[in-house]
Amino acid sequence: MTLAQPRPQIVVMKFGGTSVEDAAAIERTAAIVAARRSHGLQPIVVVSAMARVTDQLLAAAGAAGEDDRKTSIAIAVRLRERHLNTAAQLVHGDLLESLVTALHHEFDALEDLLRGIAAVGELTPRTSDLVVSFGERISSRIVAARFARADLNGAHVDARTCVITDSTYGKAVPDQPAIEAALTEYVLPLLAAGHTPVLGGFIGSNAQGITTTLGRGGSDYTAALVGGALHAGAIEIWTDVDGIMTSDPRIVPEALRVKTISFEEAAELAYFGAKVLHPATILPAVQKSIPVLVLNSRNPANEGTRITAVAARCSSPFKSIAAKKRLTIIDIVASRMLMAHGFLKAVFDVFDKYKCPIDMVSTSEVSISLTVDSNEQLPAICDELSRIADVKYEGRKALVCLVGEDIRGHNGIAGRVFSAISHVNVRMISQGASEINMSFMIDEEDVEEAVRSLHTTFFTNPDATVFDTAASVAASK
Ligand code: ADP
Ligand code: ASP
Ligand code: MG
């Protein structure tokens, strides 16, 4: 692999679904990118599908797979209308004409595909990826067309020519050397010619050119892969809140903006449910120490959150509280073997076989409890486990995770955490795996109350060096 030289002038700017949700949002996005260019920077723009489109495409694919052609095509028809309306508000004349032709071409292909799925009556992961890819393929075309004006000089790039992955449909693994080579071939010459490259996030293709996706929320990952491969000066994640907040503002409206947070803290938060950032986003950036910023496209003057290699010292033990729902606790009791040598391996081998990631583990002499994302393979997993132990599982659980590098220096933290939630039934507790988080499992319906109560306990007198105490901006959706 060639090692890209740092290119401080390149800034990868990723705009999420709400930042391209309609013509007004795309105009705001255009102004934000134009401002970067006017400061001599070279933006590469990565866009998500317009808000809610990925969910709708998945619903269309699902309906087609169940032979419900009518529902499936009706969704596609509504999507065509929404995208054409947006296009007509953004560009005019010949440009609109060629954009409309391109959009019809994409939607005709989408409808043909949905009819094909309905005819076969089966939706494979590979075909599902192809259906959802239309969201980013189409949004990126519309944004690139709006960017065709002189101040932006936009150029559309089909992300599938650059983001090369393996063939794990639904959660493809990127091939970083191939991505670096493709970006060098297709994107760098566009920058050199003064263009703003615009590509869809989330989508890629395998070595045979078959469409893949990086998993839900994967546009952040695309931005980080592009930024990492080209050794950009910064990666900016533009979304609909003022940055990484002390909690999800949809749960805690008075959440505060965290001004700076370490890579490790941000990764931990993302992994444990803070939707604002895809968990893998941080990795390509950490490897090359590229700063990542989380910014609000509805409030671009705000400084957002800066993710840095080293955490700022803070008098508060935690930076933020995340919560992840739809988890299942599995209790495995080794009645016959009393945790004999090799028992843990046998248990983990079953999860490995089903490629099922585990969030939290706790063990005693004879039992193991662990938590996994609820998924349709659970019955099969438990069936197999029951050959070596007694197994019970219970869904509708949630994990609450408090993250901060300053946990280390604080005594009596666990006491404060658990007295804040003394009325909640705690099923499992974990601290110490990473030294920067404290997590516990509770019933799903207790999450909102537990998070609010913890927020009041830990963020009522915030440290102004790390948190924006001036004002809190609630999520606007
Ligand atoms: P985008 O479409 O821009 O990728 P997402 O919906 O994926 O946006 O992520 C932004 C959302 O993440 C916010 O609207 C907010 O509700 C949610 N969120 C969850 N936890 C946090 C947090 N700690 N800080 C900020 N936002 C959070
Ligand atoms: N559109 C994709 C999703 O909704 C990817 C993304 O927006 O990051 O999951
Ligand atoms: Mg997202």
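Colleague: How many aromatic pairs does the structure hold?

Modeller: This is a predicted model, in which local features need pLDDT of at least 70, side-chain atom pairs count only at pLDDT 80 or more, and totals for chains, interfaces and linings use all residues. Residues are numbered from 1 along each chain as its sequence is written, and side-chain values use heavy atoms, with hydrogens and water left out. Rings of Phe, Tyr and Trp (its six-membered ring) pair if their centres lie within 6.5 Å; planes under 30 degrees apart count as stacked, over 60 as edge-to-face and the rest as tilted. The number of aromatic pairs is 5.

Colleague: What is the angle between the planes of F15 and W238?

Modeller: A pair of aromatic rings is described by the distance of the centres and the angle of the planes. F15 and W238 are 5.9 Å apart, centre to centre, and count as stacked, with an angle of 15°.

Colleague: Is F15 buried or exposed?

Modeller: Buried means under 20% relative accessible area, exposed over 50%, and partly exposed in between (1.4 Å probe, protein chains only). The relative accessibility of F15 is 0%, so F15 is buried.

Colleague: Which helix holds D220?

Modeller: Helices (H or I, at least four residues) and strands (E, at least two) are DSSP runs, numbered from the N terminus. D220 has a relative accessible area of 3% and is therefore buried. The run of residues 219–230 includes D220, and this is helix 8.

Colleague: Over the ring of which residue does the charged end of R137 sit?

Modeller: A charge sits over a ring if NZ of Lys or CZ of Arg is within 6 Å of the ring centre and within 35 degrees of the ring normal. The charged end of R137 is 3.9 Å from the centre of the ring of F134.

Definitions and conventions
Chains lettered and ligands numbered in written order.
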